[in-house]
Structures are given as C-alpha cells and as structure tokens.
Amino acid sequence: MQQYQFEKIYSQMEKEFGKIAKGDEDFHTMNIFPIESNLLKVHRKYPASNSRRLLEAIALVLFDIKSRYTGETFDLDSFRNEDNERLEHAILMAFDPFTNEELHAAVSSVSNLDLTNRQTLRDIYAEPVICLLRIKESVDTWIKRMGSDGYFDFAESIMGKNITGDEMTYTWSDITDQ
C-alpha cells in the first residue's frame, strides 16, 4: 500500500459513514471523550506518540474497523510503529469489543448482538468512525496552529485537569442500544 492509499481511508470512511457537522460535537461527547481521554493518557506517558503519530493511528484504526466489517485484510506493517501503535490501541480500547476484553464481556452479557455479523459490526462502528473523523479534523487544525504536538497541547489545556490515572476508559451505551 502506498502513502496516498493509506491516507485515502479518511475520505472513504467519510463517504460511507458521513461526518459530524460543526457544532454537533456535543451530541457525540459520550463517545469522543473516552477516545480523547485514552489518547491524552498515552501521550502523557509517551510524548513521542504525538499529534502527527495520532493522524497515523486514526488511519490505522479506520483500517482495523473496515477490516472487521468487510473481512478485507490490509498490509499496514510499513505504516505502523510503536508511537502510533500505542495511540491506535488507546483508541480501540475506547469502543472496540475485540480489543477491550472488559467491553466484550459487557456487550456479551447485556446484549444479543451477533459480533460475527458484518452488518451488525458496521452498525456498531458507525458512531466511532464519525467521531474519529471529527477528531482527525481537530488534530489537523491544531497541528497547523501549534505544531507537531498541537492537538495534545490543546487537549491538555481544555480537559487535562479532568483526565487522571492511566487506565483506559470506554463507552458501550451505543453498542448495547443496537
């Protein structure tokens, strides 16, 4: 896979799932906050996992998601490194029942969802995808304004005092509402 193909995932997923309109972010806070919280925790511990690495991590997660609901496989090894992989894992821990065992157990115990059904998986991932696309827009904005750590500098100033510890958080209300 070439770099341009790797970066094209953002527009492909936006075309398929749509995006959060400016000003509508508050309706998605329940899903965005755990992702951003996990990201900030990782960045604090590993500063090399910076805003630029986050853009790569978001693309990797979008490919992970696409792989789950389509069955396609993607060779992403040349794009993955320890700095973006930590961020990728932090994102997935916020909503992915295949990454987060606690979330998987919660989903399995409360719901009759068939996590092997591709349409069910597509439905489950719809909200996280649009949230990730919104976070990506924010990352782009803050990198332009403040440099390679811009997004995390901004996130720290806005919500840093509310983020403590290093345990990964998650949301599962949207999954169980399916």
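Start with the largest nonpolar core, which holds 48 residues. A nonpolar core here is a set of buried Ala, Val, Leu, Ile, Met, Phe, Trp, Tyr and Cys residues joined through side-chain atoms within 4.5 Å. Buried means under 20% relative accessible area, exposed over 50%, and partly exposed in between, with a 1.4 Å probe and protein chains only. Select Leu54, Ile91 and Phe95: these touch the most other members of the core. The elements that give two or more residues to this core are α2 (9-17), α3, α4 (51-70), α5 (82-93), α7 (118-146) and α8. Of these, α7 gives the most, with twelve residues. Helices (H or I, at least four residues) are DSSP runs, numbered from the N terminus.

The model is predicted: local features need pLDDT of at least 70, side-chain atom pairs count only at pLDDT 80 or more, and totals for chains, interfaces and linings use all residues. Residues are numbered from 1 along each chain as its sequence is written, and side-chain values use heavy atoms, with hydrogens and water left out.

Stay on Leu54 and show its contacts (heavy atoms within 4.5 Å). Not counting residues up to four places away in sequence, Leu54 touches Leu39, Leu87, Ile91, Val139, Tyr151 and Phe152.

Next, select Leu55 in helix α4. Leu55 has a relative accessible area of 17% and is buried. Leaving aside neighbours within four places in sequence, its contacts are Tyr10, Lys136, Val139, Asp140 and Ile143. For a distance label, pick the C-alpha atoms of Leu55 and Val139: they are 7.2 Å apart, although 84 residues separate them along the chain.

Now display helix α3 (residues 29-45) with helix α8 (residues 150-159). Their axes are 10 Å apart and the packing angle is about 115°; axes are lines fitted to C-alpha atoms, for helices over the stretch in contact, and angles run from 0 to 180 degrees between N-to-C directions. The two helices are therefore roughly perpendicular to each other (angles under 35 degrees count as roughly parallel, over 145 as roughly antiparallel, 65 to 115 as roughly perpendicular and the rest as oblique). The crossing of α3 past α8 is left-handed, a term used if the near helix is turned anticlockwise from the far one by less than a right angle, with right-handed used if clockwise. On α3, select Phe33, Glu36, Ser37, Leu39, Leu40, His43 and Arg44; on α8, select Tyr151, Phe152, Ala155, Glu156 and Met159. These contact residues divide into seven nonpolar, two polar and three charged. Ala, Val, Leu, Ile, Met, Phe, Trp, Tyr, Cys and Pro count as nonpolar, Asp, Glu, Lys and Arg as charged, and the others, Gly among them, as polar.

The axes of α3 and α7 come within 10 Å and cross at roughly 60°, which makes α3 oblique to α7. This crossing is right-handed. Asn31, Ile32, Ile35 and Glu36 of α3 meet Glu127, Cys131, Leu132 and Ile135 of α7. By class, the α3 and α7 contact has five nonpolar residues, one polar and two charged.

Also in α3 is Met30, which counts as exposed at 56% relative accessibility. Its C-alpha atom is 9.4 Å from that of Tyr170, 140 residues away along the chain.

Finish at Phe79, in the loop between α4 and α5. Phe79 counts as buried, at 11% relative accessibility. Beyond neighbours within four places in sequence, Phe79 is in contact with Met1, Gln2, Gln3, Phe6, Leu60 and Asn84. From Phe79 to Leu113, the C-alpha distance is 32 Å, over 34 residues in sequence.
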